[in-house]
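Q: I would like to learn how to read a structure one feature at a time. Could we begin once it is shown?

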Amino acid sequence: MRRYQVLAALGVALWGWALWGSVVRTPVVQADETDEASIQADKARRARVFAKVGTTEITVGDLEDMINQRSPYARKRFEDPEVVKQFADDQVRSELLFAGAEKLGFAEDPQVEAFLGRTILQAFMREEIENAEPPDAISEARVRAYYDEHPDEFRRPEMRRASHILVATRPEALEVLAEVDKGTLTFGAIAKQRSLDKETRLRGGDLLYFTRDGITVGSSEDAGVDPKLVEEAFSLTTKGDVSQKPIRLGDDQWSVVRLSAVRPARIDSFEDAQTAIRRRLWREGRQGAVDALVLKLREEVVPEIYPERMKAIVLDAPTGPIEHPNQ
């Protein structure tokens, strides 16, 4: 039964019957009560062909297995012979549709094959990996040890977010201060019009969040904020404050700074952090299990790999504009 095999791979659970419209309710038999005759009789019962669709046979055992894999609550419905009859008819209909799709070549369609491949892989991973230690089973001692060994992950330093407008001369900076004070345009709008800082101008002069060391959040340490801008931002106290005088950054570089936001220093307690730590340790354990499984399979299957042949790969030229992922 082709469709049953596919559904089994997808984890579809169903139940069974013997003849059209009549349910076979096989009593539970203890192992010590069985004999060869009853075993053979049961095999013959399950092997009876309920329907043939082309070359595909649907047996009583096929239907029985599909239904018996359902939950007890779902199986309760099948005590009604009409429900069983409808279910069995649905399987015939599905086989007919499957045959029609196969006739048109869908069984060999790359997208179908890819879908089935992903489904089989997911079922395999669930069987091999999902039984790993759940997050709640990770001991408090392990969680505590991680918390104590990684203090920087749970301590956030004070941060500021600021914007600035870069100009070439002090008189220009004084003009910017006057324009900001006038309030006709927002600080961001003025930055977009006048700032010479190409990196921040399009976002209204925004320098993003940064620490007292000038490190921008989410960037490498060598991509920070000018120390003089940092000093000015940390000297301001209230969101919306603007520097009282131009800040000289160097030759032909003057700036006006506006404080956008303040994030005070924070330390996450063990109680606040333990849930996230458990999830992290669980993910690491799961990834370790996956790596071990792949290593085991690599030793069993021993794949043949020819890395030098990757040079023959030809990539299609891009057809549209290329944008940076952070834009």
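Q: Is strand β5 (residues 206-211) largely enclosed by the rest of the structure or exposed, and why?

A: Keep in mind that this is a predicted model. A residue counts as buried when its relative accessible area is under 20%. Five of the six residues of strand β5 are buried, so the strand is largely enclosed by the rest of the structure.

Q: Which strand pairs with β5, and in what sense?

A: In a regular strand the side chains alternate between the two faces of the sheet. Here the partner of β5 is strand β4 (residues 159-167), and the two pair in the antiparallel sense over four bridges, with Met159 standing opposite Thr211 in β5.

Q: What is the phi of Asp252, and where is this residue found?

A: Most residues other than glycine have a negative phi. Asp252, however, has a positive phi near 55°, and it is found in the loop between β6 (247-250) and β7 (253-263). Asp252 counts as exposed because its relative accessibility is 58%. Val302, in the segment after α12 (270-301), likewise has a positive phi, near 50°, and Val302 is exposed, with a relative accessible area of 55%.

Q: Which residues make the nonpolar surface patch, and which helices supply them?

A: Leu121, Phe124, Leu297 and Val301 make a nonpolar surface patch of about 340 Å², to which α6 (110-128) and α12 each supply at least two residues. Phe124, for instance, has its place in helix α6 and is partly exposed, with a relative accessible area of 32%.

Terms used: Residues are numbered from 1 along each chain as its sequence is written. This is a predicted model: local features need pLDDT of at least 70, side-chain atom pairs count only at pLDDT 80 or more; totals for chains, interfaces and linings use all residues. Side-chain values use heavy atoms; hydrogens and water are left out. Buried means under 20% relative accessible area, exposed over 50%, partly exposed in between (1.4 Å probe, protein chains only). Two strands pair if DSSP finds at least two bridges between them. Patches are made of residues with over 30% relative accessible area and no salt bridge: like charges are joined within 9 Å, nonpolar side chains (Val, Leu, Ile, Met, Phe, Trp, Tyr) within 5 Å. Accessible areas come from the Shrake-Rupley method with a 1.4 Å probe; for residues, only the protein chains shown count as cover. A salt bridge is a side-chain nitrogen of Lys or Arg within 4 Å of a carboxyl oxygen of Asp or Glu.
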